[in-house]
Amino acid sequence: MKKLLYPRLAWTGIRKNKRLYAPYLLTCAGMVMMHYIITALSYSDAVHGLRGGSTITAMLNMGSWIIALFSLIFLFYTNSFLIRRRMKEFGLYNILGMGKGNIARILFWESLISAVLTLLTGLFGGFALSKLAELGLVNIMQGEVSYRVELSKYALATTIPVFCAIFALILLAGLIRIGRTDAIALLRSENAGEKPPKANWFLGVLGALLLGGAYYLAVSIQDPISALIWFFVAVGMVILATYLLFVAGSVVLCRALQRNKRYYYQPNHFVSVSSMAYRMKRNGAGLASICILATMVLVMLCSTSCLYFGAEDSLNTRYPMDLTIDLLFPRVVGHNDTALEIVRSTTMQACADHGVAPDLVTEYRYAEITGCLTGTQLDPDPANFEYDSVEVYGDVRVLHFIPLEDYNEFAGANEVLNPGEALIYSTRTPFKGDDLEIVGGAKLHIVKQLDSFPVDGVAATDMFTHFILVVPNFEEILEPLSGLTNARGDLLLDVMWFYGVDMHAQDNVQVAIWKELYGKLGERLDAAGEGAVSFYIESRSENREDFYGTYGGLFFLGIALSIVFLFAAVLIIYYKQVTEGYEDQHRFEIMQKVGMTKRDIRRSINSQLLTVFFLPLIAAGVHLAFAFPMIRKLLMMFNLFNLKLLLCTTTISYLIFALFYLMVYRITSNAYYAIVSDGKTE
């Protein structure tokens, strides 16, 4: 019987505190379930067989570790609510003769029961829903559905040890906390409260400066590379600033409300404002956590959904034509016309063999060199700058020289240029200036900025800005640059020929043409002994699977992580309401004795919740609005330039989240009301 004492006490403690334990256990089970599902999908044969399956698997593996890390941090955070609520009970055990070793046994059994319940529930839920998640992912990826259901031993072997370790660490933290607290402190811990905090203007000003700096970074960065470099810096600044502003700003808000006598000395506001003022440190930190989680959910949903629904746009940007061939030549002068004719004839023959007539053929010569732009001067010598240095990423430019006659022919234009003049088109950052000077080469006068240009997919989607320069004296301009080499002796100037074909044909037909060309073209060029150093063939249809695999996987992972973060946000909101409800219960009992009705209690609760509850939602919306330009720049790195689509997904994501937030507000306000009024209805 004595051996069962501690398990019984532990189970009784969980059962009597079910209002606190039930949401915690459900959230733990949800975390276990999501981890199992994501891990099971990463080892699923059906997922491996999808187009882009290897990419999806890599992202899912990363997602499982993100969930594990977040679960560790978040469950530590929420467990502190439980421990704080149970401290008085543990103190009573201590007064009645139990030593801290006995209390530690009770805590051990509570942790063990919690771990067993959540693992069993979470794994069962994961097993039950993993097939549904797999079907959802397969449907997103437009793959073939398999209805075979099986338990993933890999997911079990990963999920169980991870969460056992998390529960062990939580138990250790609880034991350390109890071991450092005496019996009297345990008894008084729940009612210890907080001293009325003073408005810390230093922290408030620091938070405002950090937030202003982060917002400035977000709206001022012009190129995607800088956005990628500074994104995580800005995120860190926003997180820190949010906590500082919510903690310091909430105190200032309460003090301002108390000084407003018309507002403060009303039944609806007096109790709520006075009670909030005594717990603003925890209140502010909790609100900041909700705001950060809400912002994370919104950023993930709007960006990943935009990527998924804009996958075809991204594909067309990366592969502007159905089939493209690039020939690399060994010298500036003397493109081998025989090699070009071999490419043309082989391509047309492959299309004819599959019953396809090309709709559009685009071809032109071009030369490419990379350099560092300072003002209007570009230095192509890598000895004068660190090409791989982060500091010069925003200054790197890739120049494409195109003969004027080739441009006029494929663009249907009739441009006229004098020697030393050029037309320019920029893929990202526009060129600012009238002249472009190339160190060791020519100085070109820019007579016109082109609005559009059918650049190849690599140039269109490269992180670096590409300048397309249409010049009249192609070989003359390239000659001084043709001898430049890097430290390994490799030529810096590449001379190439672009050949692109558009066709109306099914994806499988286009892939078949691509495969045929890939095999025959090299053989014919080698047999002719022509001077093409190498060639590269790309097919839009052949790469469509990888594109949808990447973006579909990101979309699915974004949904999964958003669900996990929503679990966290809801639980923080719930515990915030329940904890404050228990703290305010005694105050409302006194107010009821002096004439406060339950209707007045409901109004006071609404006043308190409306004062602070929607601050995280509003702040998350502001964060998202200022992050929008940076999100757009980052999506450009995924070849997505559709601004209307991003605006649409961002707006819809925010509205859906706001609706969900209102539902949580309604549920948690009822929980708070039930505690302080000892009833669920008026």
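**Entry 1: the largest pocket**

I began with helix H12, which gives ten residues to the lining of the largest pocket, the largest share. Helices here are DSSP runs of H or I with at least four residues, strands are E runs of at least two, and both are numbered from the N terminus. I am working on a predicted model, where local features need pLDDT of at least 70 and side-chain atom pairs need 80 or more, while totals for chains, interfaces and linings use all residues. Residues are numbered from 1 along each chain as its sequence is written, and side-chain values use heavy atoms, with hydrogens and water left out.

I looked up the volume of the largest pocket and found about 1,500 Å³. Its lining counts 42 residues, and those closest to the centre are Phe231, Phe232, Met296, Val299 and Met300. Two or more lining residues come from each of H4 (53-95), H8, H9 (224-259), H12 (280-309), H19 (540-593) and H21. For my own record, the search uses a 1 Å grid over the protein atoms alone: a pocket is an open set of points with protein on both sides within 12 Å along at least five of seven lines, a cavity is a set where a 1.4 Å probe fits but cannot get out, and lining residues have an atom within 4 Å of a point. Points are joined across faces, edges and corners, and a volume is the space filled by probe spheres set on them.

**Entry 2: the cavities**

How many cavities of 30 Å³ or more does the whole structure hold? I noted five. The largest cavity has about 120 Å³ of space. Among the residues lining this cavity are Tyr21, Tyr24, Asn79, Glu110, Ser111, Ser114 and Phe167. I traced the lining to helices H2 (18-42), H4, H5 (100-140) and H6 (153-179), each of which supplies at least two residues. H5 gives the most, with four residues. H4 turns up in this lining and also in that of the largest pocket.

I picked out Val622, which sits in H21 and is partly exposed at a relative accessible area of 35%. The cut-offs are under 20% for buried and over 50% for exposed, with partly exposed in between (1.4 Å probe, protein chains only).

**Entry 3: salt bridges**

I counted ten salt bridges in the structure, each a side-chain nitrogen of Lys or Arg within 4 Å of a carboxyl oxygen of Asp or Glu. Which residue does Glu538 pair with? The partner is Arg318, with the closest N and O atoms 2.7 Å apart. This pair links distant parts of the chain: Glu538 is in strand S10 (residues 534-539) and Arg318 in helix H13 (residues 311-318), 220 residues apart. Glu538 counts as buried at 10% relative accessibility, and Arg318 is buried too, at 14%.

Two further pairs I checked sit within single helices. In H14 (residues 337-353), Glu341 and Arg344 lie three residues apart, about one turn, and their side chains meet at 3.4 Å, N to O. Both partners count as partly exposed, Glu341 at 43% and Arg344 at 23%. In H18 (residues 507-528), Lys520 and Glu516 are four residues apart, again about one turn, and their closest N and O atoms are 3.1 Å apart. Lys520 is partly exposed at 31%, whereas Glu516 counts as buried at 18%.

**Entry 4: the whole chain**

To close, I looked up the totals. The chain has 22 helices and ten strands. Of its 682 residues, 53% count as buried. The accessible surface comes to about 31,500 Å², with 61% belonging to carbon and sulfur atoms; areas are by the Shrake-Rupley method with a 1.4 Å probe, and for residues only the protein chains shown count as cover. Taking contacts (heavy atoms within 4.5 Å) between residues at least 6 apart in sequence, I noted that 85% join residues at least 24 apart.
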